[in-house]
Amino acid sequence: MKIAVASKNGMVTEHFGYCESFNIFEAENNQIVKSKSIPNPGHKPGFLPNFLNDMGVNVVIAGGMGGSAVSIFNDKGIEVITGAQGIAETAAKSYLQGTLKSTGSVCHEHQHHDECGN
């Protein structure tokens with residue numbers, strides 16, 4: 001399983017599309033066995049969900065996310081967890097333990113991306 005966490009300096013970011021990087025955690029038997037950070041290649045409508053899908057990501061964790069991205073992820077069978085906060089690795093571990101649940105935080109106005117998750 002691959003989990004992508006939208007991050008900045010190792011912390012979960014408020015808005016998926018505007019993150020600095022994606023921390024990718026590979027898990028086996030509910031344990032993280034490998035991790036890497038990839039820079040965000042850029043925020044373009046519809047691009048990032050396809051980019052992460054092509055990398056084999058199964059779960060995406062972020063503070064907030066636009067409805068279009070959520071829809072594309074859902075169409076590809078990728079689980080979306082929004083409303084996350086704190087350290088990216090801790091969020092991934094909490095997901096694996098079944099304690100991280102999505103709040104359904106969806107951003108509706110991209111011009112206010114700094115306010116997502118509120």
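Before I go on, the housekeeping. This is a predicted model, so for local features pLDDT has to be at least 70, and side-chain atom pairs count only at pLDDT 80 or more, while totals for chains, interfaces and linings use all residues. Residues are numbered from 1 along each chain as its sequence is written, and side-chain values use heavy atoms, with hydrogens and water left out.

Back to Ser7, which sits in strand S1, residues 2–8. Helices (H or I, at least four residues) and strands (E, at least two) are DSSP runs here, numbered from the N terminus. So is Ser7 buried or exposed? Buried, with a relative accessible area of 0%; the cut-offs are under 20% for buried, over 50% for exposed and partly exposed in between, with a 1.4 Å probe and protein chains only.

Now zoom out. The protein chain has 3 helices and 8 strands, and along the sequence they run β-β-β-β-α-β-β-α-β-α-β. The radius of gyration is 13 Å, close to the 13 Å from the globule rule for 118 residues, so the chain is as compact as a globular protein of that length. For the record, that radius is taken over C-alpha atoms, and the rule is 2.2 Å times the number of residues to the power 0.38. The C-alpha trace spans about 40 × 25 × 25 Å along its principal axes. Buried residues make up 43% of the 118. And of the contacts between residues at least 6 apart in sequence, 49% join residues at least 24 apart.

Last stop, helix H2. Which residues of H2 are buried? Within residues 67–75, they are Ala69, Val70 and Phe73. They cover an arc of only 100° around the axis, which puts them on the same side of H2; the arc is that of the directions from the helix axis to the C-beta atoms. As a reminder, an α-helix has 3.6 residues a turn, so residues three or four places apart point the same way.

What do those buried residues pack against? Helix H1 (47–54) and strands S5 (59–62), S6 (65–66) and S7 (79–82). On the face turned away from the buried side, H2 carries the exposed residues Ser68 and Asp75. After H2 comes Gly77, with a positive phi near 75°.

Technical notes: Contact = heavy atoms within 4.5 Å.
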